[in-house]
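Please consult the sequence and the structure before reading each solution.

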Amino acid sequence: MSVLDKVNSPEDLKKLNNDELELLCSDIRRMLIDTVSHTGGHLASNLGVVEMTVALHKVFNSPVDQIVFDVGHQCYTHKILTGRKDLFSTLRTENGISGFTRPVESKHDIFSSGHSSTSISAAVGLAKAKRIKGEKGKVIAVIGDGALTGGLAFEALNNSGNDNSNLIVVLNDNNMSISKNVGSMAKNLTTIRTSKGYVTFKSKVQKGLTKIKLGSQINRLATLINQKIRKKVYKSTFFEDLGFRYYGPIDGHDIDALTSVFSAAKAHNHSVLIHVNTVKGKGYDPAEKNPTQFHGIGKFDINTGEPKSSGKSFSSVFGDVMCNFARNDNRICCITAAMAEGTGLNNFSKEFPKRFFDVGIAEQHAVTFSSGLAKNGLIPVFAVYSTFLQRSYDQLIHDVSMQDLKVIFAIDRAGFVGADGESHQGVFDTSFLNSVVGLTIYAPTYYEELESMLYNAIYKEKNAVAIRYPRGSEPQKPNDYDYEYNHESYSVLGDNTNPVCLVTYGRLFDECYKAYSCLDNCFIIKLNRIKPIDKKVLNEIVDCKRILFYEESIELGSIGESFGSMIAENNIKAQFKHIAINDEFVKQAEVSAQIKKYHMDYNSIIEEVKNG
């Protein structure tokens with residue numbers, strides 16, 4: 001029997017000694033590698049935090065002590081330890097457990113996550129609420145060094161340090177080396193300061209001083225001397241200047257060191273920041289050598305580490321097209337928010353390093369930074385996942401649209417994205433972008449359309465442009481397909497005197513075309529430019545009896561709503577039906593299953609045309 005077999009809850013974990021904890025970590029790593037090889041997921045980050053997560057649950061009492069994981073993509077060990085070990089094989093699958101923390105799954109998942117830099121803000125609120133209600137327990141925010149590039153994390157740090165006695169921030173440093181290990185003196189001082197005996201002794205002395213004359217003055221003098229010594233040894237007191245007691249750096253793979261520092265922080269009566277150094281991909285050689293590839297990976301071969309599916313995608317085509325354009329136009333530059341590989345910009349970054357900008361996990365900054373580039377005559381292209389562009393809505397309006405600046409947004413992962421679930425579906429961008437004044441939006445179905453639309457954005461449009469495209473590869477063109485995109489705002493396929501019109505854009509055109517091919521009473525309007533909708537399209541539907549609009553978008557504020565308004569305003573008498581997502585979050589499943597669930601697949605379209 002493995003050690004993991006004996007652990008079904010955090011209570012079981014507390015019975016293990018350090019040798020057993022080491023064996024447990026090895027068992028967990030094997031489970032992580034095996035499961036993610038079959039389901040896909042965030043492997044490197046989870047391999048890096050195994051010991052840290054085990055130590056957290058060894059020392060703290062979840063859920064009385066509340067652990068908040070930033071982003072949440074590193075929560076796999078946490079899930080295994082909190083009663084979901086037997087469900088772990090269902091990770092990221094339909095009706096299985098999520099790849100992120102979800103309170104609906106477990107009382108140990110305190111905060112629903114998916115986006116970066118939120119944990120400290122949430123933890124500050126949780127900690128304050130505990131104090132107001134007189135509840136016991138600490139609140140622990142676990143945040144990565146990458147997430148500290150997001151401004152929200154610094155806003156929270158600035159607002160949290162001085163008066164939160166029940167707040168602990170664990171900084172998982174696996175890449176940036178925020179503060180270097182400054183030698184044996186710093187290491188020894190950290191060891192002393194994180195011993196439970198030291199913290200207990202210090203607390204007793206401070207309480208004793210409050211009972212004697214001049215005690216408060218002596219305490220203040222001792223604190224000042226302590227701060228001066230730490231500043232000399234550590235060379236930096238950034239976190240302590242914000243009001244935290246700083247411990248670190250700590251070896252994030254040393255169970256004994258981790259349990260000691262967490263125990264010290266638990267005994268503390270002041271807000272604490274613990275700086276932990278970890279190795280991303282720890283324990284699996286391919287992930288250690290290439291942590292970026294294994295940050296978020298699909299199914300892969302355990303023996304070789306090679307992905308089981310690869311090849312051309314919208315992301316890779318976008319990257320190639322941008323390289324081609326940039327070779328002939330030195331005004332073109334590309335911006336990413338820590339997603340160079342995911343958005344297909346790796347080759348661009350190598351070929352044009354002076355015109356490539358990775359701003360870190362800081363989408364708001366990326367948008368306003370791009371507007372500055374545009375103001376001084378460059379052509380910035382910000383490549384970003386749809387779900388992360390949500391964070392920049394104010395900047396889109398105030399710093400791009402209101403300034404009449406030409407920034408191009410290459411919106412990857414638009415529409416359904418599959419296994420990443422509610423926090424990552426790209427189904428909101430059409431609705432919020434639809435309200436941005438002067439913004440033009442394109443939606444390609446095929447790779448050559450993406451290239452042509454990028455050309456339009458760069459050389460034909462005067463103001464800001466968004467081009468949204470799905471995750472993965474283009475759909476296969478049917479054998480009888482004779483449509484070719486020539487920069488039209490829309491295209492009509494079939495006889496527009498037929499009584500039923502299917503209107504759509506992007507990936508769903510493929511489903512509509514398959515349905516159209518099986519029907520004899522309909523035609524298709526394919527929108528290529530979805531904002532503004534070309535009013536000439538109304539001439540195509542004057543004789544329609546029914547209009548069915550299909551889109552992978554939340555319904556409220558969407559393109560379909562705009563189309564329906566145009567029909568009503570122009571007194572077109574056709575019956576209009578909008579098939580979209582009605583006021584709900586889309587749960588994890590394969591993309592094909594999500595399309596089917598929301599009645600956007602070609603069989604559902606055929607049924608709607610015949611029986612609707």
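Buried means under 20% relative accessible area, exposed over 50%, and partly exposed in between, with a 1.4 Å probe and protein chains only. The model is predicted, so local features need pLDDT of at least 70, side-chain atom pairs count only at pLDDT 80 or more, and totals for chains, interfaces and linings use all residues. Residues are numbered from 1 along each chain as its sequence is written, and side-chain values use heavy atoms, leaving out hydrogens and water.

**Exercise 1.** Determine whether Val71 is buried or exposed.

Solution. Begin with the backbone: Val71 is not a glycine, yet its phi is positive, at about 65°. Finally, apply the cut-off: Val71 counts as buried because its relative accessibility is 12%.

**Exercise 2.** Determine whether Asn571 is buried or exposed.

Solution. Asn571, also not a glycine, has a positive phi of about 55°. Its place is the loop between α22 (559-569) and β17 (575-581). The relative accessibility is 56%, and therefore Asn571 counts as exposed.

**Exercise 3.** Locate the prolines that follow the cis peptide bonds from Ser62 and from Gly248.

Solution. The bond from Ser62 to Pro63 has omega near 5°, and Pro63 sits in the loop between α4 (50-59) and β1 (66-69). For the bond from Gly248 to Pro249, omega is near 0°; Pro249 belongs to strand β4 (residues 245-251).

Note on methods. Helices (H or I, at least four residues) and strands (E, at least two) are DSSP runs, numbered from the N terminus.
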